[in-house]
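The following exercises guide a reader through one structure, step by step. Each task is followed by its worked solution.

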Amino acid sequence: MSYALREALAAFRRTPLLTMLSVVAIAFSLFIVGLFGLTAFNISQAVREVENKVEVVGYLRDDATAMQLQVAQEELRRLPEVQELRYVTKTEALATAMEEMKEFRDVFTDLESNPLPASLEVRLRPGQSSPEAVSRVAKRLQAYAFVEEVDFGDGWVEKIYTIRRLFGAAATAIGGAFALVAGIIIATAIRIAVFARREEISIMRLVGATDGFVQRPFVLEGIITGLLGGITAAALTWVAFAALNRYLFALKWLPSEWIVAVVVAGTVFGFLSSIVAVRRHLEAV
Amino acid sequence: MIRLSSVSKEYARSGAALRDVSFHVRKGELVFLTGHSGAGKSTVMRLIQMADMPSGGEVRVSGFSSKLIRQRDIPMLRRKMGVVFQDFRLLRDRTAEENVAFALEVTGTKRSAIAPRAHRVLTQVGLAHKARAYPDELSGGERQRVAIARALVNEPLLLLADEPTGNLDEWAAKGVFELFREINAMGMTVLMATHDLDLVRAHPQYRVIELSQGAVVYDSAPTPATREPQQA
Ligand SMILES: Nc1ncnc2c1ncn2[C@@H]1O[C@H](COP(=O)(O)OP(=O)(O)O)[C@@H](O)[C@H]1O
Ligand SMILES: [Mg+2]
């Protein structure tokens with residue numbers, strides 16, 4: 001085992017409580033990030049699923065002419081947001097209605113004239129179904145004189161996006177606060193470790209050890225702490241996922257790259273905090 | 001090997017520790033640096049290790065200049081010198097052998113070479129039989145021998161000793177100095193700071209530089225400044 005690794009592990013043995021605190025602090029800050037990730041991922045999944053169904057429907061006045069419709073359809077098809085455009089005639093609308101609402105079939109059959117309007121159904125391209133895109137297309141439809149009324153999902157797309165933004169902001173704030181605490185604890189752990197080994201450090205310098213060599217055990221300690229914190233955070237996130245899944249609602253588990261990212265983030269965080277701390281505290285030895 | 005040129009050192013709180021100090025120690029010399037307590041001996045030693053930088057003038061050691069050296073070159077300078085102190089500075093949780101091996105470990109010596117080299121140098125200082133003892137189990141003289149072994153194990157060109165006999169009884173002091181003479185006889189340059197005038201007087205064949213209040217007041221064999229001007 002290398003000198004640096006041996007010394008880094010010895011530091012864990014010397015101050016186990018402090019090490020545990022550092023691990024827990026990192027784990028908590030990344031757990032918050034993990035929870036946000038879980039939420040964001042599941043929301044995106046849900047959004048993607050309904051995204052393909054996002055339609056803007058323009059109901060037409062009965063006096064719309066074939067010529068007007070022809071022009072409008074050509075114009076709409078050229079919009080970049082539009083994936084598919086379908087003209088639904090009055091007859092088709094009635095047929096669908098009768099199909100979907102069997103119990104009212106008699107009512108529909110008895111009618112003297114068909115009360116359902118014809119419509120233009122616009123399906124948006126995936127990735128073009130943001131609230132802005134939806135309202136752009138809706139406005140465009142509304143602008144035609146023969147369009148009576150435009151219908152689109154009642155702003156639920158917007159609501160989902162807002163929820164996701166709120167979650168993101170909360171996770172950034174809470175996760176950031178925890179990260180700050182984690183950074184302070186790591187720095188303290190390193191200050192104590194440097195102090196405990198100050199004689200050794202001064203002898204190392206006396207006999208010609210390089211700064212990098214002197215710093216390595218401490219940085220390694222930070223990396224191991226961060227790695228443990230990251231793994232713990234991933235485990236906590238999984239526990240939260242399993243609990244939610246069982247008692248509240250069905251969720252999808254995160255892709256493995258996200259989990260790897262959490263562990264890597266912990267490790268990088270441990271590395272950065274320790275290198276900053278060790279540079280500062282070694283100057284004082 | 002060592003050249004100080006008009007070196008001065010000022011400390012913010014205590015004022016001038018060295019004023020206009022110049023001397024040149026050549027390869028293979030053994031030199032006593034004497035003077036009262038507070039005369040500036042340890043300050044000179046620290047400047048030679050480049051643990052501190054002069055306020056004025058220049059210190060040159062084995063090709064390194066205090067004016068030019070970069071922070072990251074200092075470890076390379078340190079590997080060319082061994083340093084011994086009055087208080088030994090051994091690690092108490094390591095055996096004699098481990099203390100010596102430590103100097104090799106932290107300077108990147110190949111693992112397989114560490115134990116034999118540590119053992120060889122402990123034999124050289126006459127302590128092979130105490131290799132497994134901890135510092136607390138050794139006498140003052142023995143501890144200083146371990147410290148000397150540690151200073152020698154990286155095969156330096158220069159040995160700096162700051163009051164190495166200050167904590168030793170007369171007999172142990174004599175033994176340690178005999179060891180320095182042997183090391184010097186093998187070609188190593190030795191600079192020893194001491195206020196033990198008896199020891200200095202007992203060995204008139206060696207050069208003496210005396211400091212008083214931060215200035216050189218006596219040099220028994222000054223090296224002409226004009227010789228080897230570029231080779232410090
Ligand atoms: N780190 C320091 N800070 C301030 N003053 C110092 C420091 N080191 C030494 N001095 C001062 O420099 C002078 C010389 O000290 P030193 O070199 O230790 O003398 P010696 O080793 O000959 O006893 C003393 O007056 C001492 O107080
Ligand atoms: Mg002194």
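Helices (H or I, at least four residues) and strands (E, at least two) are DSSP runs, numbered from the N terminus. This is a predicted model, in which local features need pLDDT of at least 70 and side-chain atom pairs count only at pLDDT 80 or more, while totals for chains, interfaces and linings use all residues. Residues are numbered from 1 along each chain as its sequence is written, chains are lettered from A and ligands numbered from 1 in the order in which they are written, and side-chain values use heavy atoms, with hydrogens and water left out.

**Exercise 1. Describe the surroundings of A:Glu75.**

Step 1. Locate the residue: A:Glu75 belongs to helix α3 of chain A, which covers residues 66-77.

Step 2. Classify its exposure. Buried means under 20% relative accessible area, exposed over 50%, and partly exposed in between (1.4 Å probe, protein chains only). A:Glu75 has a relative accessible area of 29%, so it is partly exposed.

Step 3. List its partners, where contact means heavy atoms within 4.5 Å. Not counting residues up to four places away in sequence, A:Glu75 touches A:Arg140 and A:Tyr144. The C-alpha atoms of A:Glu75 and A:Arg140 are separated by 9.9 Å, although the two residues are 65 residues apart along the chain.

Step 4. Examine the partner A:Tyr144. Its side chain and that of A:Glu75 are joined by a polar contact of 2.5 Å. A polar contact is a pair of N or O atoms within 3.5 Å; within protein, one must be able to donate a hydrogen and the other to accept it, and residues adjacent in sequence count only if both atoms are side-chain atoms.

**Exercise 2. Characterise the interface between chain A and chain B.**

Step 1. Count the residues: 16 residues of chain A are in contact with 20 residues of chain B.

Step 2. State the buried area, that is, the accessible area (1.4 Å probe) that two parts lose on being put together, summed over both. Between chain A and chain B this is about 1500 Å², and carbon and sulfur atoms give 60% of it. A:Ile203, A:Leu206 and A:Val207 supply 41% of the area that chain A buries against chain B, more than any other three residues.

Step 3. Count the polar links. A salt bridge is a side-chain nitrogen of Lys or Arg within 4 Å of a carboxyl oxygen of Asp or Glu. There are three salt bridges between the two chains, and one of them joins the side chains of A:Arg6 and B:Glu105 (3.0 Å, N to O). Four residue pairs between chain A and chain B are in polar contact, both residues at pLDDT 80 or more.

Step 4. Assign the side of chain A that touches chain B to elements. Those giving two or more residues are α1 (3-14), α8 (198-206) and α9 (211-247) of chain A. The largest share, six residues, comes from α8(A).

**Exercise 3. Which residues form a ring cluster with B:Phe102?**

Step 1. Apply the criterion: rings of Phe, Tyr and Trp (its six-membered ring) pair if their centres lie within 6.5 Å; planes under 30 degrees apart count as stacked, over 60 as edge-to-face and the rest as tilted. Over all chains, the structure holds ten aromatic pairs.

Step 2. Take one pair. The ring centres of A:Tyr3 and A:Phe213 are 5.2 Å apart and their planes are at 20 degrees, so the pair is stacked. This pair links distant parts of the chain, with A:Tyr3 in helix α1 and A:Phe213 in helix α9 of chain A, 210 residues apart. Both A:Tyr3 and A:Phe213 are buried.

Step 3. Complete the cluster: ring pairs link A:Tyr3, A:Phe213 and B:Phe102.

**Exercise 4. Is B:Glu155 buried or exposed, and is B:Glu163 buried or exposed?**

Step 1. Classify each. B:Glu155 counts as exposed, at 55% relative accessibility, whereas B:Glu163 is buried, with a relative accessible area of 10%.
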